[in-house]
Amino acid sequence: ISYRDSTNDALKYAWWDGSSWDKQVVDFSGMTGLLTSIVLDGNGYPHLSYNELESRSLKYAWWDGSNWHIRVVDSNVFNGSGYSTSIALDHNDYPHICYYNGTNGDLKYAWWDGSNWHIQTVDSEGYVGVAPSIKLDTNDYPHISYYDGTNGDLKYAWWDGTSWHI
């Protein structure tokens, strides 16, 4: 489980070891851990996407078996409150994250290729992208469901290898 500890302004990770809950602090930088999402890689190690309020950033954290690593994926992604993120891993255990950019009101998609982050705007028609959920298909192409606040609709976007379809 990944969660925000609001008492200590920290992102935490908890797991059941068979008899009790173990917990670790992942990130404790300025009101962090808002609206976190979690996925486990092929080794069973957690990968987390989440927001940090102070820096207004989308962040990514992963456990390598010994230590936590943290990266800023996108900065200035919201204007005063956190928005949902969703994370999936591809066949290389590289992260793919969809999220709402509250600064622009857009659904965004970020992925790591092994050396760089790439960011695309998926949908920018109105106030879109709240509460996204991402899954990857067998080709590692993203499929995202999300809420269109302008029209009150549930929307679905997918990448076919060339372009987005909504």
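**Before you click**

This is a predicted model, where local features need pLDDT of at least 70 and side-chain atom pairs count only at pLDDT 80 or more, while totals for chains, interfaces and linings use all residues. Residues are numbered from 1 along each chain as its sequence is written, and side-chain values use heavy atoms, with hydrogens and water left out.

**Stop 1: a hairpin**

Select residues 57-63, which are strand β6, and residues 68-74, which are strand β7. A strand here is a DSSP run of E with at least two residues, and numbering starts at the N terminus. Two strands pair if DSSP finds at least two bridges between them; β6 and β7 do so in the antiparallel sense, over six bridges. Now click Trp62: opposite this residue, in β7, stands His69. Four residues sit between the two strands of the hairpin, and Gly65 has a positive phi near 105 degrees.

**Stop 2: the sheet β8 to β11**

Next, show the open sheet whose four strands run in the order β8-β9-β10-β11, with antiparallel pairing. Which strands stand at the edges? They are β8 (85-89) and β11 (117-123); each has a single partner strand, so one side of each is left without a neighbour in the sheet. On average, neighbouring strands of this sheet are turned by 20 degrees against each other, direction ignored (axes are lines fitted to C-alpha atoms, and angles run from 0 to 180 degrees between N-to-C directions).

Zoom in on β8 and β9 (residues 95-101), which pair over five antiparallel bridges. Leu89 has Pro95 in β9 as its bridge partner.

**Stop 3: the sheet β12 to β15**

Another open sheet of four strands has the order β12-β13-β14-β15, again with antiparallel pairing. Its edge strands are β12 and β15 (164-165), each pairing on one side only. Colour β13 and β14 to see a pairing of six antiparallel bridges, in which Ser145 stands opposite Tyr156 of β14.

**Stop 4: the largest nonpolar core**

Select Ala88, Cys98, Leu107, Tyr109, Val122, Val128, Ile134, Ile144, Tyr146, Ala157, Trp159 and Trp164: these 12 residues are the largest nonpolar core. Such a core is a set of buried Ala, Val, Leu, Ile, Met, Phe, Trp, Tyr and Cys residues joined through side-chain atoms within 4.5 Å. Buried means under 20% relative accessible area, exposed means over 50%, and partly exposed is in between (1.4 Å probe, protein chains only). At least two residues of this core come from each of β10 (106-112), β12 (128-136), β13 (142-148) and β14 (153-159). In soluble globular proteins, nonpolar side chains tend to be buried together.

Stay with Ala88 for a moment. Beyond its neighbours within four places in sequence, Ala88 is in contact with Val39, Tyr94, Pro95, His96, Ile134 and Leu136 (contact means heavy atoms within 4.5 Å).

**Stop 5: His47**

Jump to His47, in strand β5 (residues 46-52). Is His47 buried or exposed? His47 counts as buried because its relative accessibility is 4%. The side chains of His47 and Asp41 are joined by a polar contact of 2.9 Å; that term means a pair of N or O atoms within 3.5 Å, where within protein one must be able to donate a hydrogen and the other to accept it, and residues adjacent in sequence count only if both atoms are side-chain atoms. Leaving out residues up to four places away in sequence, His47 touches several others, including Tyr60, Trp62, Ile87 and Leu89. Leu89 is 42 residues from His47 in sequence, yet their C-alpha atoms are 8.5 Å apart.

**Stop 6: Lys155**

Now find Lys155 in strand β14, which counts as buried at 18% relative accessibility. A polar contact of 2.9 Å links its side chain to that of Asp123.

**Stop 7: ring pairs**

How many aromatic pairs does a search of the whole structure find? There are 12. Rings of Phe, Tyr and Trp (its six-membered ring) pair if their centres lie within 6.5 Å; planes under 30 degrees apart count as stacked, over 60 as edge-to-face and the rest as tilted.

- Tyr60 and Trp117 are edge-to-face, 5.6 Å centre to centre with 75 degrees between the planes. Tyr60 is in β6 and Trp117 in β11, so the pair ties together parts 57 residues apart in sequence.
- Tyr109 and Trp164 have ring centres 5.5 Å apart and planes at 80 degrees, so this pair is edge-to-face. Tyr109 lies in β10 and Trp164 in β15, 55 residues apart.
- Tyr13, Trp15, Trp63 and Trp68 are linked by ring pairs into a cluster.
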